[in-house]
Amino acid sequence: MIIVVKKDCDKKQLDNLIGWVKKQGLGVDVSVGESSIVLGLIGDTPRVDIDLVRSMDIVESVKRIQEPYKSANRKFHPEDTIIDVGGHKFGGNHFQFIAGPCSVESEEQVVGIAKAVKAAGATLLRGGAYKPRTSPYSFQGMGERGLELLKIARQETGLPIVTEIMSERHIDQFRDIDVVQIGARDMQNFQLLKEVGKMDKPILLKRGLANTIEEWLMSAEYIMSEGNKKIILCERGIRTFEPMTRNTLDLSAIPLLKELTHLPVIVDPSHASGISRLVEPMSLAAAGAGAGGLMIEVHNDPAHALCDGPQALRPEQFEQVVNKVKNILPLVDKVYD
């Protein structure tokens, strides 16, 4: 249920209304817009007398909503959520480039790539310290040492870092990470979602490779239910019957999500196709569809990368993508900052 309160309402009346709702055993999400205040009621809302609420002087309108996701719902929060990461903003008309290697391999490698992608236009650095792999015999990442190398790269370049967490046991290791990523395989790891929901960190939540948009938003709801509202959604392709690409990039999800939720939406074209030559056209398509950013894998020597070399761009190729995407941004009312 949502209650739209008049913008010029008396603060005491508003506090009384919020207090009354909480006494019903419900949570309240307050969103202040330009012309009104929206109260999103979370919990067993059928117990609320909708006619009683509608009769209150400060109430403009009341309506029940059917979607199971509440906090992530744009009806609860009409204004776009803006998330600031080291001065770089996600959401609204902002656009960011996240780039870096699939996995951290050495200090020389990650620092060198960080400097190269920054020079090419990246605003954040990505890199895997913990790697979920299909085979137990594949490279699993450098773990905690990899996190330390990412921090060195951040110190050298000033780029905020984005890296994936795989277990709630590692929470303490991620206290100094700028953006904590939940990978596709962990999108429905509900215990992990609850734990990162207690962190005061932006969370980049990737869509599961076989999950619906509603399931994705419900995973965001898990995080938000624990108090963390700073979530960036990342479309990274879904599994279909098509074998010629690694996954199928669901571009239709971008404009649809912009209708359904106030959370920022970005795209990972590298995992979506798994083929480096498709990254540029998919990046342009994603920007044209209204994405608020791109997350692209870049490696200085893709042929010898320890993880996902076939989908990685070289730094000069990444720079070419950045320059072409920049030309599209004014057409879709986006600003690269």
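**Figure 1. Helix 3 crosses helix 4 in a right-handed way.** A crossing is right-handed if the near helix is turned clockwise from the far one by less than a right angle, and left-handed if anticlockwise. The structure is a predicted model: local features need pLDDT of at least 70, side-chain atom pairs count only at pLDDT 80 or more, and totals for chains, interfaces and linings use all residues. Residues are numbered from 1 along each chain as its sequence is written, and side-chain values use heavy atoms, with hydrogens and water left out. Helix 3 covers residues 107-120. Helices are DSSP runs (H or I, at least four residues), strands likewise (E, at least two), and both are numbered from the N terminus. The axes of helix 3 and helix 4 come within 9 Å and cross at roughly 40°. Axes are lines fitted to C-alpha atoms, for helices over the stretch in contact, and angles run from 0 to 180 degrees between N-to-C directions. Helix 3 and helix 4 are therefore oblique to each other. Angles under 35 degrees count as roughly parallel, over 145 as roughly antiparallel, 65 to 115 as roughly perpendicular, and the rest as oblique.

**Figure 2. Residues of helix 3 meet residues of helix 4.** Contact means heavy atoms within 4.5 Å. Helix 3 brings Glu107, Val110, Val111, Ala114, Lys115 and Lys118. Helix 4 brings Arg145, Leu149, Leu150, Ile152, Ala153, Glu156 and Thr157. By class, the contact of helix 3 with helix 4 has 7 nonpolar, 1 polar and 5 charged residues. Here Ala, Val, Leu, Ile, Met, Phe, Trp, Tyr, Cys and Pro count as nonpolar, Asp, Glu, Lys and Arg as charged, and the others, Gly among them, as polar. Arg145 lies in helix 4 (residues 144-157). Arg145 is partly exposed, at 45% relative accessible area. Buried means under 20%, exposed over 50%, and partly exposed in between (1.4 Å probe, protein chains only).

**Figure 3. Helix 6 passes helix 7 in a right-handed crossing.** The axes of helix 6 and helix 7 (residues 253-260) come within 12 Å and cross at roughly 50°. That makes helix 6 oblique to helix 7. Ile213, Trp216 and Leu217 of helix 6 meet Ala253, Leu256, Leu257 and Leu260 of helix 7. The contact of helix 6 with helix 7 has 7 nonpolar, no polar and no charged residues.

**Figure 4. Helix 9 packs with helix 10.** Helix 9 (residues 279-288) and helix 10 (residues 315-328) pack at about 25°, with axes 10 Å apart. The two helices, helix 9 and helix 10, are therefore roughly parallel to each other. Their crossing is right-handed. Glu280, Ser283, Leu284, Ala287 and Gly288 of helix 9 make the contact with Gln320, Val321, Lys324, Val325 and Ile328 of helix 10. The contact of helix 9 with helix 10 has 5 nonpolar, 3 polar and 2 charged residues.

**Figure 5. Phe318 belongs to the largest nonpolar core.** Such a core is a set of buried Ala, Val, Leu, Ile, Met, Phe, Trp, Tyr and Cys residues joined through side-chain atoms within 4.5 Å. Leaving aside neighbours within four places in sequence, Phe318 is in contact with residues including Phe97, Val117, Ile296 and Leu313.

**Figure 6. Asp333 sits in the loop between helix 10 and strand 15 (335-336).** Asp333 has a positive phi of about 60°, although it is not a glycine. At 60% relative accessibility, Asp333 counts as exposed.
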